[in-house]
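Work through the exercises below with the structure open beside you. Try each task before you read its solution.

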Amino acid sequence: MSKLKIAVQKSGRLNEDSMKLLKDIGIYIDNGKDQLKASAKGFPVEVFYLRNGDIPQYLKDGVVDAAIIGENVLIEKGNDIKVAEKLGFSTCRVCIAVPKSSTYNSIKELNGKRIATSYPNTVQNFLNENGVNAKLHIINGSVEIAPNIGLADAIVDIVSSGSTLFKNNLKEVEVILKSEAVLAVSPLLSEEKQAILNTIQFRIQSVLKGRQSKYILLNAPNEKIDDIISLLPGMKSPTVLPLAQEGWSSVHSVINKNEFWDVIEALKANGAQGILVCPIEKMVI
Ligand SMILES: Nc1ncnc2c1ncn2[C@@H]1O[C@H](COP(=O)(O)OP(=O)(O)OP(=O)(O)O)[C@@H](O)[C@H]1O
Ligand SMILES: O=P(O)(O)OC[C@H]1O[C@H](OP(=O)(O)OP(=O)(O)O)[C@H](O)[C@@H]1O
Ligand SMILES: [Mg+2]
């Protein structure tokens, strides 16, 4: 049986979370650190360790079948490569920034200006959409330094916390796109490999749903159970079990991890006690 070739970033910001996701979906790799490719144990997958920026071309050529890659790189270099799944880590945005001291009211003000970036296609498309004509300086790293050394009037680069912009006396003025790590798929994927990919996607979805949710258990007096259930809809409906102490029940449910703190006060106000919140490893609906 042929193996699905999956590319991950060899080293850098995506590597650790990508390897953790593969492990969480049951793809275990015995990896000597310097290997460029490795086979998974007990699953028809081969992992290739590559530079993030090189991955779109490997996908286009069908050298690899799928990849975990930053969506921003795919947008820059990977037109016609499909995103099968958004993965929820390495979230960032690609932004235009200008020196703090300069006035900026609209994108039109970049007409005739110099913009430094590592993402020329993304920037050029954005300028075209806005009818702006600017000169691009393509540099591969430390883009934020460009205005300070007189190389450019503005930059386009990745922003996450904003601290790199702050340290370089720059301010964010436009968001061109938002990005996160994605599972991308080669346009040349065979049907046989599509079946392996489907299994992987199903497993990823189960892990991501689990990461997004919490298992909640609590005790409550029986007369309050209906009110509490209305606060915790759960997957189908909450489980309610009698406690040894008469007149009390235990309620078990699943809750979106972002909603927990909003609901907790209402649960307490309705008599809930002994509330436990536990992580969920995988969730198959
Ligand atoms: N500060 C950040 N916060 C969150 N995500 C980021 C940040 N910087 C980059 N990313 C995301 O992580 C990806 C990898 O970034 P990283 O800096 O590790 O690699 P790179 O230098 O762009 O790529 P290569 O592997 O080609 O050297 C980026 O394409 C982007 O999607
Ligand atoms: O808004 P922040 O949280 O400061 O993050 C933004 C910075 O992160 C990235 O660089 P990275 O640290 O990956 O360095 P690199 O240029 O060597 O890739 C990006 O190119 C920015 O410089
Ligand atoms: Mg980087």
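**Exercise 1. How many of the 6 residues of strand β1 (residues 4-9) are buried?**

Before starting, note that this is a predicted model, in which local features need pLDDT of at least 70 and side-chain atom pairs count only at pLDDT 80 or more, while totals for chains, interfaces and linings use all residues. Residues are numbered from 1 along each chain as its sequence is written, and chains are lettered from A and ligands numbered from 1 in the order in which they are written.

Step 1. A residue is called buried if 20 or more other C-beta atoms lie within 10 Å of its own, exposed if 12 or fewer do, and partly exposed in between, with C-beta atoms placed from the backbone. Helices (H or I, at least four residues) and strands (E, at least two) are DSSP runs, numbered from the N terminus.

Step 2. By this count, 5 of the 6 residues of β1 are buried, so the strand is largely enclosed by the rest of the structure.

Step 3. Helix α8 (residues 260-269) has 1 buried residue out of 10, so this helix lies largely in the open. Just after α8, Gly 271 takes a positive phi of about 90°.

**Exercise 2. Describe the overall form of the protein chain and its division into domains.**

Step 1. The protein chain has 8 helices and 16 strands. Its radius of gyration is 24 Å, well over the 19 Å that the globule rule gives for 285 residues, so the chain is more spread out than a compact globule. The radius is taken over C-alpha atoms, and the globule rule is 2.2 Å times the number of residues to the power 0.38.

Step 2. Along the principal axes, the C-alpha atoms fill a box of roughly 75 × 55 × 35 Å, and 29% of the 285 residues count as buried.

Step 3. The chain is divided into domain 1 (4-90 + 180-189), domain 2 (92-179) and domain 3 (213-279), with bounds that come from an automatic or database domain assignment.

Step 4. The centres of domain 1 and domain 2, taken over C-alpha atoms, are separated by 28 Å. Their contact takes 7 residues from domain 1 and 8 residues from domain 2, where two residues are in contact if their C-beta atoms, placed from the backbone, lie within 7 Å. On the side of domain 1 that touches domain 2, the largest share, 4 residues, comes from helix α3 (residues 71-77).

**Exercise 3. Which residues surround ligand 2, and which residues come nearest to ligand 1?**

Step 1. A residue is near a molecule if its C-beta atom, placed from the backbone, lies within 6 Å of it. The residues surrounding ligand 2 are Arg 13, Gly 141, Glu 144, Asp 157, Ile 158, Val 159, Ser 160, Ser 161, Gly 162, Ser 163 and Thr 164.

Step 2. The largest share of this shell, 3 residues, comes from β10, while β10 (154-159) and α5 (163-167) each supply at least two residues.

Step 3. Around ligand 1 there are 15 residues, of which Gly 12, Asn 52, Gly 53, Gly 70 and Ser 160 come nearest. The shell around ligand 1 draws at least three residues from each of domain 1 and domain 2.
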